[in-house]
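Biologist: Put the model up, please. I want to go through it with you.

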Amino acid sequence: MSKLESTRLCSVCGRRPATQKMSFSDNFAGYDKLYGGGYVCGVCAELIRSWRNKHFILVGDAPRELKREELLKAVLTQPPDSLIYVKSMGRRLGMLSCLRFSATEKFAALCGEDEGFVYVDRAILSKLVDLAQTAVETLRRKTALVEGCRAGEWAHRELCEEVERWRRSPVMSILARAV
Ligand SMILES: [Zn+2]
């Protein structure tokens with residue numbers, strides 16, 4: 001990693017001046033294709049280096065780790081100009097495609113390790129959090145949120161229809177790890 005004297009913007013977030021060139025191991029196939037150059041700002045460099053295996057919220061330039069049990073509340077109360085990252089296995093740099101985006105008054109900004117970036121209307125997000133919680137309480141398994149109801153579970157018909165309506169959405173896939 002070398003220091004860089006330049007006014008070019010970070011090739012990951014596009015928001016802050018690039019301060020260093022990161023070298024990526026061969027594990028990160030596809031990096032060059034997406035982000036030629038690898039000139040990054042200090043914030044992105046730190047996130048890429050040390051935060052891929054954590055859930056976190058990035059507010060301004062400051063990341064804060066979120067415990068799994070904090071995630072639902074965090075997505076429902078996300079402040080504008082922030083980004084929430086929800087890891088899955090913690091191996092991939094799913095954050096790379098997200099760091100240029102942030103929440104607004106109307107839209108939450110979520111990033112899943114596997115799902116990538118999702119803007120979601122806060123009213124819809126709130127509804128989906130309710131649905132996810134109800135489904136897990138009723139069916140007693142999280143996998144229903146992404147796989148749908150099993151034959152025996154369709155006794156809860158209204159609930160299963162709602163699950164079926166949303167289970168392929170990246171937001172529900174992210175929430176299934178947070179609920
Ligand atoms: Zn950056």
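Modeller: One term before we start: two strands count as paired if DSSP finds at least two bridges between them. Also, this is a predicted model.

Biologist: Fine. Which residue of β6 stands opposite Phe-56?

Modeller: Tyr-85. Phe-56 belongs to β4, residues 56-59. β4 and β6, residues 82-86, pair over four bridges.

Biologist: Parallel or antiparallel?

Modeller: Antiparallel. β4 also pairs with β5, residues 62-65. That pairing is antiparallel too, over four bridges.

Biologist: And what stands opposite Ile-57 there?

Modeller: Arg-64 of β5.

Biologist: How many residues sit between the strands in the β4 and β5 hairpin?

Modeller: Two. Gly-60 in that hairpin takes a positive phi, near 60 degrees.

Biologist: Zoom out. What is the strand order in the sheet?

Modeller: β5-β4-β6-β7-β8. It is an open sheet of five strands, and the pairing is mixed.

Biologist: Which strands stand at the edges?

Modeller: β5 and β8, the latter being residues 116-121. Each has a single partner strand, so one side of each is left without a neighbour in the sheet.

Biologist: How many degrees does the twist average from one strand to the next?

Modeller: It averages 25 degrees.

Biologist: Which strands does α7 lie across?

Modeller: β6, β7 and β8. β7 is residues 107-112, and α7 runs at about 70 degrees to β7.

Biologist: Staying with α7, at what angle do the axes of α4 and α7 cross?

Modeller: Roughly 50 degrees. Those axes come within 10 Å. α4 is residues 122-139 and α7 is residues 170-178.

Biologist: What do you call that orientation?

Modeller: Oblique. Angles from 65 to 115 degrees would be roughly perpendicular, and those under 35 roughly parallel. The α4 and α7 angle is roughly 50 degrees, so the pair is oblique.

Biologist: Left-handed or right-handed crossing?

Modeller: α4 passes α7 in a right-handed crossing.

Biologist: Which residues make the contact?

Modeller: From α4, Leu-125, Leu-128, Val-129 and Ala-132. From α7, Val-171, Met-172, Leu-175 and Ala-176.

Biologist: How many nonpolar, polar and charged residues in that contact of α4 with α7?

Modeller: Eight nonpolar, no polar and no charged.

Biologist: Change of topic: loops. Where is Trp-154 found?

Modeller: In the loop between α5, residues 144-147, and α6, residues 157-166. Trp-154 is partly exposed, with 13 other C-beta atoms within 10 Å.

Biologist: And what does Trp-154 touch?

Modeller: Cys-149 and Cys-160, leaving out residues up to four places away in sequence.

Biologist: Backbone check. What is phi of Asp-81?

Modeller: Near 65 degrees, a positive value in a residue other than glycine. Asp-81 lies in the loop between α3, residues 71-76, and β6.

Biologist: Why does Asp-81 count as exposed?

Modeller: It has 12 C-beta neighbours inside 10 Å. The cut-off for exposed is 12 or fewer, so Asp-81 qualifies.

Biologist: Last one, the overall tally. How many helices and strands?

Modeller: Seven helices and eight strands. Buried residues make up 35% of the 179 residues. Of the contacts between residues at least 6 apart in sequence, 50% join residues at least 24 apart.

Conventions: Residues are numbered from 1 along each chain as its sequence is written. This is a predicted model: local features need pLDDT of at least 70, side-chain atom pairs count only at pLDDT 80 or more; totals for chains, interfaces and linings use all residues. Axes are lines fitted to C-alpha atoms, for helices over the stretch in contact, and angles run from 0 to 180 degrees between N-to-C directions. Angles under 35 degrees count as roughly parallel, over 145 as roughly antiparallel, 65 to 115 as roughly perpendicular and the rest as oblique. A crossing is left-handed if the near helix is turned anticlockwise from the far one by less than a right angle, and right-handed if clockwise. Two residues are in contact if their C-beta atoms, placed from the backbone, lie within 7 Å. Ala, Val, Leu, Ile, Met, Phe, Trp, Tyr, Cys and Pro count as nonpolar, Asp, Glu, Lys and Arg as charged, and the others, Gly among them, as polar. A residue is buried if 20 or more other C-beta atoms lie within 10 Å of its own, exposed if 12 or fewer, and partly exposed in between; C-beta atoms are placed from the backbone.
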